[in-house]
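Please keep the structure open as you read.

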Amino acid sequence: MNYKPLFSRALGLDPERLHFAAHSHHLWPDASFDGQVRAWAEANRFADRKWDLIFGEVIPEAQGHVARELGLPSPDSLIFAPNTHEILLRIVSAIDRAAPVRILATDVDTQVLATASRGVYAIDRVAGLDPAIRKRYFQRGTGPNEGHCRVNPALRDLIDYRPLNLLATRYDVGGPFDALFCRNVMIYFDKPTQRGILSRLIQHMGDDGLLYTGHSENYLHAADLIQPCGRTLYRRAQGAGA
Ligand SMILES: C[S@@+](CC[C@H](N)C(=O)[O-])C[C@H]1O[C@@H](n2cnc3c(N)ncnc32)[C@H](O)[C@@H]1O
C-alpha cells in the first residue's frame with residue numbers, strides 16, 4: 001500500500017503547521033477516513049443487510065490480508081476485537097461451561113505457587129483490566145482486605161497448582177494439553193537447555209496443541225521440535241514428540 005496520499009492529506013489540512021517528530025508515523029494520518037465514509041455509505045445503502053456485507057465480505061477479506069501478512073495458514077483463525085481483554089472475554093464466554101476446562105499452573109518455586117493459588121492482588125495490579133472483566137472475575141476486599149481483590153472462586157477452582165522443575169528429565173503433568181503457556185522463563189536457559197525443555201514440553205501437547213511463548217523468546221533453533229504459526233505462537237513440528 002502507498003501511504004503517501006494519507007500523509008499528504010493530513011499535511012494538507014494545515015499546511016502551515018510544522019512537525020517535529022521522531023518518526024514519520026507520529027503524524028498519524030487518518031488512514032481510516034475512507035473506510036469510515038464507505039461504512040456510512042454502505043450502512044445507508046444496505047440498511048438491515050449491512051451485517052451480511054460486513055461478515056460475508058469485509059471481515060473475510062481483512063482476515064485474508066492479515067493472515068497473508070503474518071504468514072498464517074488459515075485466515076479464519078483470526079478474530080477482530082478492540083482489545084485483548086475483549087478477545088479473552090469472547091473466548092471464555094464461548095466455552096461450554098459444562099465442558100471440563102482445566103488449567104494446570106506450574107512453577108519451580110513453591111512460594112510463587114502459594115501466592116498464585118491465593119489469587120489475591122493489590123487493586124492497582126488489576127486497575128488496567130477491562131471493568132467488565134474486573135467485575136466478572138474479581139471480588140473486591142472490604143475491611144482488613146480493603147485495597148485488595150481476590151479472583152472469583154469459580155475461576156480459581158478451574159486451576160490446579162503444582163511444582164514443576166523445567167530442568168527435570170520428565171514432567172509428571174499428564175495431558176495432552178490444548179494450550180501451553182511458557183513465557184519469560186526460557187530466557188534463563190541456554191539453547192541446548194531450551195531444546196531439552198521443548199522436547200519434554202511437546203510430549204504433553206495435543207496434536208492441535210499450541211505453545212504460547214514470550215515476546216523476547218524465539219525458537220528458530222528448534223524448528224525440528226516446534227514450528228511458528230503466528231507471533232509468539234508455535235505448534236509441534238511434524239513427527240516431533242511422537
Ligand atoms: C520472569 S518469571 C515469569 C512468570 C510468568 N510466566 C510471566 O510471564 O509473567 C519466571 C518464573 O520462572 C520460574 N522458574 C525459574 N526457573 C524455573 C525452572 N527451572 N522450572 C520452572 N520454573 C522456573 C521462576 O520461579 C519464575 O516464577
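Beyond its neighbours within four places in sequence, Leu-201 is in contact with Leu-180, Cys-182 and Leu-211. Leu-201, Leu-180 and Leu-211 are among the members of the largest nonpolar core. Do keep in mind that this is a predicted model.

- Helix H9 and strand S7 (205-213) each supply at least two residues of the core.
- The largest share, three residues, comes from H9.
- As background, nonpolar side chains tend to be buried together in soluble globular proteins.

**The four-stranded sheet**
- An open sheet of four strands runs in the order S6-S7-S9-S8, and its pairing is mixed.
- Strand S6 (177-182) and S8 are the edge strands; each has a single partner strand, so one side of each has no neighbour in the sheet.
- From one strand to the next, the twist averages 30 degrees.
- S7 and S9 pair in the antiparallel sense over two bridges. Here Leu-211 stands opposite Tyr-234 in S9, and Tyr-212 stands opposite Leu-233 in S9.
- Strand S8 (residues 226-230) also pairs with S9 in the antiparallel sense, over four bridges, with Gly-230 opposite Leu-233.
- Which residues of strand S9 (residues 233-236) are on its covered face, and which on its uncovered one? Tyr-234 and Arg-236 make up the covered face, while Leu-233 and Arg-235 make up the uncovered one.

**The hairpin and its turn**
- S8 and S9 form a hairpin with two residues between them.
- Thr-232, in the turn of this hairpin, has a positive phi of about 60 degrees, although Thr-232 is not a glycine.
- Thr-232 counts as partly exposed because it has 14 C-beta neighbours inside 10 Å.

**The three-stranded sheet**
- A second open sheet to look at has three strands in the order S2-S4-S3, with antiparallel pairing.
- Strand S2 (120-122) and strand S3 (138-140) are at its edges, each pairing on one side only.
- Neighbouring strands of this sheet are turned by 30 degrees against each other on average, direction ignored.
- S2 and strand S4 (residues 148-151) are paired in the antiparallel sense over three bridges, and Val-120 stands opposite Arg-150 in S4.

- Leu-6 lies in helix H1 (residues 4-12).
- Is Leu-6 buried or partly exposed? Leu-6 counts as partly exposed, because it has 18 C-beta neighbours inside 10 Å.
- Leu-6 and Phe-33 are 27 residues apart along the chain, and their C-alpha atoms are separated by 9.2 Å.
- Helix H2 (residues 33-46) has 14 residues, which at 1.5 Å a residue should span 20 Å; the end C-alpha atoms are 20 Å apart, in agreement.
- The number of buried residues in H2 is zero, so the helix lies largely in the open.

**Backbone details worth a look**
- As a reference point, most residues other than glycine have a negative phi, and most peptide bonds are trans.
- Just after H2, Ala-47 takes a positive phi of about 45 degrees. Ala-47 is found in the loop between H2 and helix H3 (50-70).
- Ala-47 counts as exposed because 8 other C-beta atoms lie within 10 Å.
- Gly-175 and Pro-176 are joined by a cis peptide bond, with omega about 0 degrees. Pro-176 is placed in the loop between strand S5 (159-163) and S6.

**Whole chain and confidence**
- The chain has nine helices and nine strands.
- Buried residues make up 7% of its 242 residues.
- Among contacts between residues at least 6 apart in sequence, 53% join residues at least 24 apart.
- The mean pLDDT is 86, and 90% of the residues reach 70 or more.
- Where is confidence lowest, and where highest? The lowest is in helix H4 (residues 84-94), at a mean of 62, and the highest is in helix H9 (residues 191-201), at 97.
- Where pLDDT is low, the predicted coordinates should not be read in detail.

Conventions. Residues numbered from 1 in each chain as written. Predicted model: local features only at pLDDT ≥ 70, side-chain atom pairs only at ≥ 80, totals over all residues. pLDDT = per-residue confidence, 0-100. Buried ≥ 20, exposed ≤ 12 C-beta atoms within 10 Å, placed from the backbone. Contact = placed C-beta atoms within 7 Å. Pairing = 2+ DSSP bridges. Axes fitted to C-alpha atoms, helices over the stretch in contact; angles between N-to-C directions. Core = buried A, V, L, I, M, F, W, Y, C linked by C-beta atoms within 7 Å. Expected span 1.5 Å × (residues − 1).
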